[in-house]
Amino acid sequence: MLSRLGRQMESHNDRFRTGIGLGSLAADGLFEAMEDHRTRWALTLDTAGVRALYASFSQFGRLEPEAREHLLDALARIAETEFGGRVERHMITALYIARRRAF
């Protein structure tokens with residue numbers, strides 16, 4: 001379960017890195033003067049924060065309650081034992097700006 005979730009998140013990150021946002025805006029020809037701005041920042045979470053963050057993800061919400069709790073417990077255990085109770089996630093916030101073409 002953890003490896004499948006990791007692959008899903010890596011796939012999402014790969015699409016994000018390729019600039020799919022600007023590609024989507026350009027595809028229909030309705031926009032011009034497109035810009036892509038990205039801000040990189042770090043999110044530091046304690047063990048409870050890791051659990052709360054992942055509990056908010058839709059992949060977890062779709063699970064049966066017992067499976068969800070088992071997975072969240074495993075993530076909390078990993079955060080505590082392998083990361084000393086402090087996990088840093090590297091985040092990117094993207095802002096896409098475009099002007100609508102005049103027709």
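Me: In this predicted model, is the crossing in which H3 passes H5 left-handed or right-handed?

Reply: Two packed helices are described by the angle between their axes and the distance between the axes. H3 and H5 pack at an angle of about 145°, and their axes lie 9 Å apart. The crossing of H3 past H5 is right-handed.

Me: How many residues of the contact of H3 with H5 are nonpolar, polar and charged?

Reply: From H3 come Thr 47, Val 50, Arg 51, Tyr 54 and Ala 55. H5 brings Glu 69, Leu 72, Asp 73, Leu 75, Ala 76, Ala 79 and Glu 80. They divide into seven nonpolar, one polar and four charged.

Me: Is Thr 47 buried or exposed?

Reply: Thr 47 lies in helix H3. Leaving out residues up to four places away in sequence, Thr 47 touches Ala 76, Ala 79, Glu 80 and Gly 85. Its relative accessible area is 16%, and the cut-off is under 20%, so Thr 47 is buried.

Me: Why are the buried residues of H3 on the same side of the helix?

Reply: The buried residues in H3 (residues 47-55) are Thr 47, Gly 49, Val 50 and Tyr 54. They sit on the same side of H3 because they cover an arc around the axis of only 160°.

Me: Which element gives the most to the largest nonpolar core?

Reply: That core has 11 residues, including Val 50, Tyr 54, Leu 72, Leu 75 and Ala 79. H3 and helix H5 (65-83) are the elements that give two or more residues to this core. The most, four residues, come from H5.

Conventions. Residues are numbered from 1 along each chain as its sequence is written. This is a predicted model: local features need pLDDT of at least 70, side-chain atom pairs count only at pLDDT 80 or more; totals for chains, interfaces and linings use all residues. Side-chain values use heavy atoms; hydrogens and water are left out. Buried means under 20% relative accessible area, exposed over 50%, partly exposed in between (1.4 Å probe, protein chains only). The arc is that of the directions from the helix axis to the C-beta atoms. A nonpolar core is a set of buried Ala, Val, Leu, Ile, Met, Phe, Trp, Tyr and Cys residues joined through side-chain atoms within 4.5 Å. Contact means heavy atoms within 4.5 Å. Axes are lines fitted to C-alpha atoms, for helices over the stretch in contact, and angles run from 0 to 180 degrees between N-to-C directions. A crossing is left-handed if the near helix is turned anticlockwise from the far one by less than a right angle, and right-handed if clockwise. Ala, Val, Leu, Ile, Met, Phe, Trp, Tyr, Cys and Pro count as nonpolar, Asp, Glu, Lys and Arg as charged, and the others, Gly among them, as polar.
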